[in-house]
Amino acid sequence: MVVSALGLSGRRGALAALRALGRSRPSQQTGAAACVWGLLRSDAAAFSSLHGVPSVGFSLRALPTTASWVPAVRCISSTPAAWKTVEVEVPSMGESITEGTVATILAQPGETVEEDSVLATLDTDKVSMDIKYPNKTPGVVKEYKAAEGDTVTVGQLFAVIEESEGGAAPAKKEEAPKEEAPKEEVPKKEAPKKEETKKEEPKKASPPPKKPEPASKPAAAPGGAPLSSGPRPERRVKMTRLRARVAERLKNAQNTYALLTTFNEVDMTALMDLRKAHKDAFLEKHGVKLGFMSAFVKAAANALETVPAVNAVIDGGDIIYRDYYDISVAVATPKGLVVPVLRNVDAMSFATVEKTINELGKKARDGALSIDEMAGGTFTISNGGVFGSMLSTPIINPPQSAILGMHATNIKPAVVDGQIVARPLMYLALTYDHRLIDGREAVTFLKRIKEVIEDPRRLLLDV
């Protein structure tokens with residue numbers, strides 16, 4: 001049964017049809033929707049007494065509804081779908097992580113979402129992760145049970161989605177502006193629109209320089225509560241969970257480990273000549289540029305085989321010697337320091353190392369690293385040289401026992417065969433846990449890396 005006010009003669013007919021529709025059985029109402037327009041002004045009082053709806057501010061959205069009869073403005077639907085509610089919970093965040101902070105809500109209430117649409121992002125102790133809409137059937141975001149900045153736990157109800165069993169997303173939110181059609185007919189609203197167009201005409205030349213100004217203001221001043229104003233302003237910004245966790249772990253490392261750092265200087269001439277001679281062929285064959293990180297990763301793996309104590313870890317009253325070589329590479333991101341892991345680097349080629357580092361680095365900067373990609377690691381390499389650092393003392397990444405710090409390569413005078421010549425030199429720093437690693441072992445380890453970098457042929461000959 002389909003009823004339209006345009007197809008009836010007189011207000012009595014319209015009201016009679018509405019009474020019949022209201023008294024009909026739910027099964028008869030299925031597949032029918034009443035669309036009434038013009039009845040609002042003439043019969044608002046009668047309709048109010050009929051259905052118990054206030055006549056003031058009356059809207060067709062206030063019509064009595066059943067499970068399958070939903071009147072809509074200016075439309076007739078013969079097969080309205082049945083909506084069902086989908087509850088989206090906070091997903092698992094990985095081993096040992098039970099809670100996170102809602103960083104950003106991306107899909108606002110009323111927006112349509114599809115399978116794998118990102119509803120919000122969470123900040124955890126290790127990585128940022130997405131909460132996605134899991135169902136194949138599209139739906140509309142009804143409400144969130146947590147706001148930005150709230151702490152949520154695994155399995156907690158996070159969002160409620162209205163989903164259509166028929167496969168179409170609900171259109172309730174899209175019909176809202178249609179109800180305001182009669183309000184748009186007021187001439188008072190049209191007048192300012194004309195004035196705005198007139199005012200915009202002479203200012204067409206000025207907007208281009210003015211538009212970049214608002215874009216730069218929020219970038220320069222991220223969200224934060226102002227602490228003071230005047231010539232020396234301050235603001236307070238809440239620390240991210242990742243930053244707080246990194247700070248806690250590094251401080252615990254200082255408090256727990258007997259940290260000691262040894263240094264050495266490496267001549268980069270041979271490695272730079274090797275790269276210069278083969279970088280084009282390497283790029284053409286492997287599709288990735290030949291950098292310095294692959295050489296240092298391979299040299300570190302070789303040194304870990306030579307000095308097993310650097311690859312070991314203290315566990316209570318025992319020492320665990322690990323006969324595999326998973327090297328973590330420190331990557332700086334806007335939210336904090338992350339250390340994705342390259343696994344079994346002793347079996348990797350230079351090309352595989354470069355490709356893996358590029359992939360993990362991009363994921364880290366995009367906040368797309370998974371927990372598994374950061375878990376484990378037996379040794380860490382930190383390259384402060386990309387930022388121009390000349391020398392530093394890196395802090396161990398727990399529960400590892402040592403970390404290698406790379407620095408900037410600078411042209412300096414060096415003595416070669418009794419002659420003073422200019423050479424590209426880099427300072428290397430190895431911070432280690434002196435409870436486990438003796439000075440002899442630490443120096444031997446760093447010296448081995450120096451030997452391999454200064455003569456990469458050693459890796460080929462295993463000498």
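In strand S4, leucine 122 is the bridge partner of valine 102. This pairing belongs to a predicted model, in which local features need pLDDT of at least 70 and side-chain atom pairs count only at pLDDT 80 or more, while totals for chains, interfaces and linings use all residues. Residues are numbered from 1 along each chain as its sequence is written, and side-chain values use heavy atoms, with hydrogens and water left out.

**Overall composition**

- The chain contains 15 helices and 21 strands, where helices (H or I, at least four residues) and strands (E, at least two) are DSSP runs numbered from the N terminus.
- Of its 463 residues, 36% count as buried; buried means under 20% relative accessible area, exposed over 50%, and partly exposed in between, for a 1.4 Å probe and protein chains only.
- Among contacts in the chain with a separation of 6 or more, 65% come from residues 24 or more positions apart, contact being defined as heavy atoms within 4.5 Å.

- Aspartate 123 stands opposite serine 128 in S5.
- S2 and S7 pair over 3 bridges, again in the antiparallel sense, and glutamate 99 has threonine 153 in S7 as its bridge partner.

- Threonine 151 lies in strand S7 and is partly exposed, with a relative accessible area of 42%.
- Threonine 151 and threonine 101 are 50 residues apart in sequence, yet their C-alpha atoms are 4.5 Å apart in space.
- Not counting residues up to four places away in sequence, threonine 151 touches Glu99, Gly100, Thr101, Gln156 and Arg241.

**Packing of helix H12 with H14**

- Helix H12 (residues 293-306) packs against helix H14 (residues 439-454) at an angle of about 135°, with their axes 9 Å apart; axes are lines fitted to C-alpha atoms, for helices over the stretch in contact, and angles run from 0 to 180 degrees between N-to-C directions.
- H12 and H14 are therefore oblique to each other, since angles under 35 degrees count as roughly parallel, over 145 as roughly antiparallel, 65 to 115 as roughly perpendicular and the rest as oblique.
- The crossing of H12 and H14 is right-handed; a crossing is left-handed if the near helix is turned anticlockwise from the far one by less than a right angle, and right-handed if clockwise.
- H12 contributes Ala295, Phe296, Ala299, Ala300, Asn302, Ala303, Leu304 and Thr306 to this contact, and H14 contributes Phe445, Arg448, Ile449, Val452 and Ile453.
- By class, the contact of H12 with H14 has 10 nonpolar, 2 polar and 1 charged residues; Ala, Val, Leu, Ile, Met, Phe, Trp, Tyr, Cys and Pro count as nonpolar, Asp, Glu, Lys and Arg as charged, and the others, Gly among them, as polar.

**Packing of helix H12 with H13**

- H12 and helix H13 (residues 350-366) pack at an angle of about 115°, with their axes 9 Å apart, and are therefore roughly perpendicular to each other.
- The crossing of H12 and H13 is right-handed.
- The contact is made by Met293, Ser294, Ala295, Val297 and Lys298 of H12 and by Phe350, Val353, Glu354 and Ile357 of H13.
- Its residues divide into 6 nonpolar, 1 polar and 2 charged.

- Glutamine 400, in the loop between strand S18 (379-383) and strand S19 (402-406), is buried, with a relative accessible area of 1%.
- Leaving aside neighbours within four places in sequence, glutamine 400 is in contact with Tyr257, Ser328, Gly376, Gly377, Thr378, Phe379 and Thr380.
- Arginine 423 lies in strand S21 (residues 419-433) and is partly exposed, with a relative accessible area of 23%.
- The C-alpha atoms of arginine 423 and valine 266 are separated by 10.0 Å, the two residues being 157 residues apart along the chain.
- Beyond its neighbours within four places in sequence, arginine 423 is in contact with Asp267, Thr269, Asn410, Ile411, Lys412, Ala414 and Val416.

Technical notes:
Two strands pair if DSSP finds at least two bridges between them.
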